[in-house]
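Subject: Structure for you to look over

Hello,

Here is the structure I said I would pass on. Please open it first, then read my notes below.

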Amino acid sequence: HKVLESELKILYTAITRARVNIFVAEEDMKAAQPMYNYFLRRGAVETVDKNSKDISSRTNIFKENDCPSEAWLMRGTMFLRHVENLSLDQSKIQYLRLAKKCFLKCGDITKVNKIDAE
């Protein structure tokens, strides 16, 4: 009981402090299956290839038709603001790709072109 309580506290902290995404890794699929199914039913989980290094190609920020253009614009703007606080070039590139993906979804070609220029 104590171990589960401790792990749930860590999970709660990760979920409430995450800025963009939460990545949960588990090697024992049998142990992970109940929680995976729980999150899957709620549309809150996506399985990714562990060998992929490109975060933007494996990130599903919103479900395809769940979100209006304004939400995509807000999320893209949030990613751009996040870029301003980063010092590592690789992280900046990943967040710029995420922002571009959002701006493409909302149809803001001006912002897409601005990102391409950087």
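Ground rules first. This is a predicted model, in which local features need pLDDT of at least 70, side-chain atom pairs count only at pLDDT 80 or more, and totals for chains, interfaces and linings use all residues. Residues are numbered from 1 along each chain as its sequence is written, and side-chain values use heavy atoms, with hydrogens and water left out.

**Overall fold**

The chain has five helices and zero strands. From the N terminus the order of elements is α-α-α-α-α. Helices are DSSP runs of H or I with at least four residues, strands are runs of E with at least two, and both are numbered from the N terminus. Of the 118 residues in the chain, 22% are buried. Buried means under 20% relative accessible area, exposed means over 50%, and partly exposed lies in between (1.4 Å probe, protein chains only).

**Helix H3**

H3 covers residues 69-84, which is 16 residues. Its first and last C-alpha atoms are 23 Å apart, close to the expected 22 Å. That expected span is 1.5 Å times one less than the number of residues. Ala71, Trp72, Gly76, Phe79, His82 and Val83 are the buried residues in H3. Seen down the helix axis, they fall within an arc of 135°, so they line one face of H3. The arc is taken from the directions from the helix axis to the C-beta atoms. Glu70, Met74, Arg81 and Glu84 are exposed on the other side of H3.

**The core**

The largest nonpolar core has 13 residues. A nonpolar core here is a set of buried Ala, Val, Leu, Ile, Met, Phe, Trp, Tyr and Cys residues joined through side-chain atoms within 4.5 Å. Phe79, Tyr95, Ala99, Phe103 and Ile115 touch the most other members. At least two residues of this core come from each of H3, helix H4 (89-106) and helix H5 (109-117). H4 gives the largest share, with seven residues. In soluble globular proteins, nonpolar side chains tend to be buried together.

**Salt bridges**

There are three salt bridges. The rule is a side-chain nitrogen of Lys or Arg within 4 Å of a carboxyl oxygen of Asp or Glu.

- Glu5 and Lys9 pair at 3.6 Å, N to O. Both lie in helix H1, four residues apart, about one turn of the helix. Glu5 is partly exposed at 33% relative accessibility. Lys9 is exposed at 52%.
- Asp116 and Lys100 pair with their closest N and O atoms 2.7 Å apart. Asp116 is in helix H5 and Lys100 in helix H4, so the pair ties together parts that are 16 residues apart in sequence. Both are partly exposed: Asp116 has a relative accessible area of 46%, and Lys100 has 27%.
- Lys111 and Asp108 pair at 3.4 Å, N to O. Lys111 is partly exposed, with a relative accessible area of 30%. Asp108 is buried, at 19%.

**Nonpolar surface**

Ile15, Ile22 and Val24 make a nonpolar surface patch of about 280 Å². Patches are made of residues with over 30% relative accessible area and no salt bridge; like charges are joined within 9 Å, and nonpolar side chains (Val, Leu, Ile, Met, Phe, Trp, Tyr) within 5 Å. Accessible areas come from the Shrake-Rupley method with a 1.4 Å probe, and for residues only the protein chains shown count as cover. Ile22 sits in the loop between helix H1 (2-17) and helix H2 (29-41). Its relative accessibility is 37%, so Ile22 counts as partly exposed.

One more pair involves Val24. Leu11 and Val24 are 13 residues apart in sequence, and their C-alpha atoms are 9.3 Å apart in space. Leu11 belongs to helix H1. Leu11 is partly exposed, at 27% relative accessibility.

Best wishes
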